[in-house]
Amino acid sequence: MKKTVILLFALALLAVAAGSCRQQENEGPAADAKPVIYLYPEKETEVTVTLDYAGTLTSTYPAYENGWTVTAQPDGTLTDERGREYYCLFWEGVSETEYQFSTGFCVAGEDTAAFLEDALAQLGLTGREANEFLIYWLPRMEGNAYNLISFQEDAYTGHAALTITPEPDSLLRIFMAWKSLEQPIEIAPQVLKPVTRTGFTVVEWGGAEVKEK
């Protein structure tokens with residue numbers, strides 16, 4: 001009898017803990033995950049990038065100290081004042097931004113890789129950039145029954161403004177908001193707008209999983 005009571009008490013504690021975890025997962029501000037910034041000048045150039053973010057930065061690399069200043073090469077290699085090399089600038093944060101899903105795409109989880117490969121190519125990412133995007137996001141999405149996906153414009157850039165010196169000739173900012181769905185839904189298809197990459201080009205990609213509160 002004593003063993004049975006202890007077992008039931010332990011199961012009750014696990015159930016409470018699991019419920020608490022689920023509640024925390026479904027509440028709180030959205031996380032802007034892994035925006036990375038690539039710099040492709042036409043020649044070796046010292047570049048300063050500052051981020052005006054309406055939220056709280058939770059991680060940056062290299063460390064963000066009132067901006068990043070690096071020497072950028074045409075192949076995208078970045079070097080800081082200490083001589084350390086990077087291939088991108090990275091940041092993450094949390095904000096109260098409400099992302100828009102008036103248009104978008106409802107994609108079966110098993111079709112997510114093929115969909116993103118096509119969409120990212122249309123938007124203007126190179127094969128390497130798209131590969132890095134997929135490596136980060138696909139494990140979170142392909143196991144879902146469906147994913148509701150919408151690439152953000154003003155809703156994202158309005159709360160995460162970039163100032164880049166010298167000013168780039170081309171700026172491509174791709175930010176994917178998405179939701180996991182159990183059932184498919186109807187949604188007006190989004191028109192993807194590619195950016196022509198010319199001259200000094202800056203590319204950024206990131207995303208946020210939006211969960212219902």
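This is a predicted model: local features need pLDDT of at least 70, side-chain atom pairs count only at pLDDT 80 or more; totals for chains, interfaces and linings use all residues.

1. At 41% relative accessibility, does Glu153 count as buried, partly exposed or exposed? Glu153 counts as partly exposed at that value.

2. The side chain of Glu153 meets that of Lys193 in a salt bridge, with an N to O distance of 3.9 Å. Glu153 belongs to the loop between strand 9 and helix 4 (154–157), and Lys193 to the loop between strand 12 (188–189) and strand 13 (201–209), so the pair ties together parts that are 40 residues apart in sequence. Lys193 is exposed, its relative accessible area being 53%.

3. A second salt bridge to examine joins the side chains of Arg173 and Glu204, at 2.6 Å from N to O. This pair also links distant parts of the chain, since Arg173 lies in strand 11 and Glu204 in strand 13, 31 residues apart. Both partners fall under the 20% limit for a buried residue: Arg173 has a relative accessibility of 16%, and Glu204 one of 0%.

4. Glu132 is buried, with 14% relative accessible area, whereas Arg128, at 46%, is partly exposed. The count of salt bridges in the model comes to 5.

5. Helix 2 (residues 112–123) has 12 residues, which at 1.5 Å a residue should span 16 Å; the C-alpha atoms at its ends are 16 Å apart, in agreement with this. Just after helix 2, Gly124 takes a positive phi of about 115°.

6. The buried residues of helix 2 are Thr112, Phe115, Leu116, Ala119, Leu120 and Leu123. They cover an arc of only 120° around the axis, and therefore lie on the same side of helix 2. An α-helix has 3.6 residues a turn, so residues three or four places apart point the same way. The face turned away from the buried side carries the exposed residues Ala114 and Ala121. Among the elements that cover the buried residues of helix 2 are strand 8 (103–108), helix 3 (127–141), strand 9 (146–152) and strand 11 (170–181).

7. The largest nonpolar core has 29 residues, and those with the most contacts inside it are Leu116, Trp137, Phe151, Met176 and Trp205. At least two residues each come from strand 1 (30–40), strand 8, helix 2, helix 3, strand 9, strand 11 and strand 13. Helix 3 gives the largest share, 6 residues. Setting aside neighbours within four places in sequence, Leu116 is in contact with Phe133, Leu134, Met141, Phe151 and Met176. A second, separate core of 27 residues includes Val49, Val70, Trp91 and Val202.

8. An open sheet of 5 strands runs in the order 6-5-4-2-10, with antiparallel pairing. Strand 6 (85–86) and strand 10 (160–165) stand at the edges, each with a single partner strand, so one side of each is left without a neighbour in the sheet. Strand 2 (residues 45–53) and strand 4 (residues 68–72) form an antiparallel pair over 5 bridges. Glu46 has Thr71 of strand 4 as its bridge partner.

Terms used. Residues are numbered from 1 along each chain as its sequence is written. Side-chain values use heavy atoms; hydrogens and water are left out. Helices (H or I, at least four residues) and strands (E, at least two) are DSSP runs, numbered from the N terminus. The expected span of a helix is 1.5 Å times one less than its number of residues. Buried means under 20% relative accessible area, exposed over 50%, partly exposed in between (1.4 Å probe, protein chains only). The arc is that of the directions from the helix axis to the C-beta atoms. Contact means heavy atoms within 4.5 Å. Two strands pair if DSSP finds at least two bridges between them. A salt bridge is a side-chain nitrogen of Lys or Arg within 4 Å of a carboxyl oxygen of Asp or Glu. A nonpolar core is a set of buried Ala, Val, Leu, Ile, Met, Phe, Trp, Tyr and Cys residues joined through side-chain atoms within 4.5 Å.
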